[in-house]
Amino acid sequence: MKAMVLNELCCLEENQTPLELMELPEPVPAGEEILVKVSACGVCHTELDEIEGRTPPPHFPVVLGHQVVGRVKATGNRVSAFGIGDRVGIAWIYSACGSCKFCLTGNENLCRDFKATGRDANGGYAQYMTVPEGFAYRIPRVFSDSEAAPLLCAGAIGYRSLRLTGLKDGQNLGLTGFGASGHLVLKMAGHRYPNAKVFVFARSAKERAFSRELGAVWAGDTAEESPEKMDCVIDTTPVWKPVIEALKNLEPGGRLVINAIGKEEADKDYLLRLDYHTHLWMEKEIKSVANVSRRDVSEFLALASEMSIKPEIQEFALEEANEALVELKSRKIRGAKVLRID
Ligand SMILES: [Zn+2]
Ligand SMILES: [Zn+2]
């Protein structure tokens with residue numbers, strides 16, 4: 001099968017073709033696994049973190065990609081939930097131990113044995129992949145394969161982030177950064193909390209304009225002071241400046257949720273601008289989001305279908321994965337990038 005493969009960590013600024021098109025053997029599904037013929041795979045900022053070593057894969061070569069949509073082509077001998085031809089989605093959570101205190105309470109995203117699709121196990125930048133059947137989801141009919149792919153990461157983790165903010169209807173929600181997750185969170189917030197006001201902080205004028213088109217009441221640059229204080233903020237950027245600047249705009253008792261698997265080192269000294277009284281005092285909270293649970297993925301898919309959330313997408317061929325990643329790195333973002341795979 002064709003696959004775009006990562007052979008070693010590298011820096012995208014020096015090497016703009018980190019993935020190599022290779023012919024790999026088609027994987028064989030064991031026991032509870034299904035073999036999926038991939039048709040679409042979303043391109044996520046986490047792939048940049050994997051390539052550049054902020055969340056490094058434990059082994060090489062590895063096939064990246066954790067927003068996968070395809071059809072079941074074969075099943076292991078203990079598979080019961082899916083049959084040949086079923087359309088399924090696969091998300092960031094590839095597997096977890098199933099028996100620790102986190103797994104037993106639905107917090108499998110925190111399991112010490114958490115395995116990530118496309119990092120700890122081969123993912124969807126390929127024609128085929130296998131996954132345990134318990135970690136595959138039926139995709140609601142209303143979505144095409146390409147539309148469903150970005151929902152599986154940006155959407156599901158956006159849903160989890162929104163849950164973790166504790167936002168109530170009528171409150172102010174800030175979003176720092178406005179990529180794939182941001183635009184889905186804005187749509188979700190508008191549906192679930194029709195009286196909440198969404199404010200967007202983004203350094204790109206294009207992203208700000210896009211957020212206003214989608215219903216943000218205000219959009220400004222990362223460092224701007226918002227016209228009203230925020231009850232909660234979700235940060236989806238890979239850097240530190242928006243964290244400090246968002247804390248400044250929080251209400252007393254407000255919560256900042258950082259939805260990022262890693263932060264880049266480049267502007268880390270911005271943290272020295274932290275002024276206790278301006279940024280943290282008055283019971284302001286900071287909370288991170290780690291991974292997703294199966295519940296997040298299932299609930300979000302149902303919500304997205306009910307709301308007819310359709311992500312804005314930009315399609316690439318599998319062979320163009322490097323171009324898509326470089327564009328993502330240089331923040332050429334309008335909606336979510338998706339690889340189409342034959
Ligand atoms: Zn992702
Ligand atoms: Zn566990």
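The paragraphs below go from domains to sheets, then to helix packing and finally to single residues.

This is a predicted model, in which local features need pLDDT of at least 70 and side-chain atom pairs count only at pLDDT 80 or more, while totals for chains, interfaces and linings use all residues. Residues are numbered from 1 along each chain as its sequence is written, and chains are lettered from A and ligands numbered from 1 in the order in which they are written.

The protein is divided into domain 1, made of 2–138 + 312–340, and domain 2, which covers 157–288; these bounds come from an automatic or database domain assignment. Between the C-alpha centres of domain 1 and domain 2 the separation is 28 Å. Eleven residues of domain 1 are in contact with nine residues of domain 2, where contact requires that the C-beta atoms of two residues, placed from the backbone, lie within 7 Å. On the side of domain 1 that touches domain 2, helix H1 (residues 45–52) supplies the largest share, three residues; helices (H or I, at least four residues) and strands (E, at least two) are DSSP runs, numbered from the N terminus. That side of domain 1 consists of two nonpolar, four polar and five charged residues, with Ala, Val, Leu, Ile, Met, Phe, Trp, Tyr, Cys and Pro counted as nonpolar, Asp, Glu, Lys and Arg as charged, and the others, Gly among them, as polar.

One has six strands in the order E13-E12-E11-E14-E15-E16, with parallel pairing, and two strands are taken to pair if DSSP finds at least two bridges between them. Its edge strands, each pairing on one side only, are E13 (218–220) and E16 (285–288), and neighbouring strands are turned by 20° against each other on average, direction ignored. Strand E14 (residues 230–235) is mostly covered, since six of its six residues are buried; a residue is buried if 20 or more other C-beta atoms lie within 10 Å of its own, exposed if 12 or fewer, and partly exposed in between, with C-beta atoms placed from the backbone. Four bridges join E14 to the parallel strand E11 (residues 172–176), and Val 233 of E14 is the bridge partner of Gly 174. Five bridges join E14 to strand E15 (residues 250–258), again in parallel, and here Val 233 has Leu 256 in E15 as its bridge partner. E15 in turn runs parallel to E16, to which four bridges join it, and Arg 255 stands opposite Glu 285 in E16.

H2 touches E11, E14, E15 and E16, and its direction makes about 155° with that of E15; axes are lines fitted to C-alpha atoms, for helices over the stretch in contact, and angles run from 0 to 180 degrees between N-to-C directions. Helix H3 (residues 180–192) touches E11, E12 and E14, its direction making about 170° with that of E11.

The other open sheet has three strands in the order E2-E1-E4, with antiparallel pairing, and its edge strands are E2 (19–23) and E4 (62–63). Strand E1 (residues 2–6) is joined to E4 by two bridges in the antiparallel sense, and Leu 6 stands opposite Val 62 in E4.

Two helix pairs follow. Helix H2 (residues 145–165) and helix H7 (residues 294–307) pack at an angle of about 100°, with their axes 9 Å apart, and they are therefore roughly perpendicular to each other, a term that covers 65 to 115 degrees, whereas angles under 35 count as roughly parallel, over 145 as roughly antiparallel and the rest as oblique. Residues making this contact include Leu 151 and Tyr 159 of H2 and Phe 300 and Leu 303 of H7, and by class the contact has nine nonpolar, one polar and three charged residues. The axes of H1 and helix H8 (residues 321–329) come within 10 Å and cross at roughly 100°, which makes H1 roughly perpendicular to H8. His 45, Glu 47 and Leu 48 of H1 meet Leu 325, Leu 328 and Lys 329 of H8 in this contact.

Some backbone details remain. Most residues other than glycine have a negative phi, and most peptide bonds are trans. A cis peptide bond joins Phe 60 and Pro 61, with omega about -10°, and Pro 61 is placed in the loop between H1 and E4. Glu 283 has a positive phi near 60° and is found in the loop between helix H6 (276–280) and E16, where Glu 283 is exposed, with 11 other C-beta atoms within 10 Å. Asn 291 also has a positive phi near 60°, and Asn 291 lies in the loop between E16 and H7, but with 20 C-beta neighbours inside 10 Å Asn 291 counts as buried.
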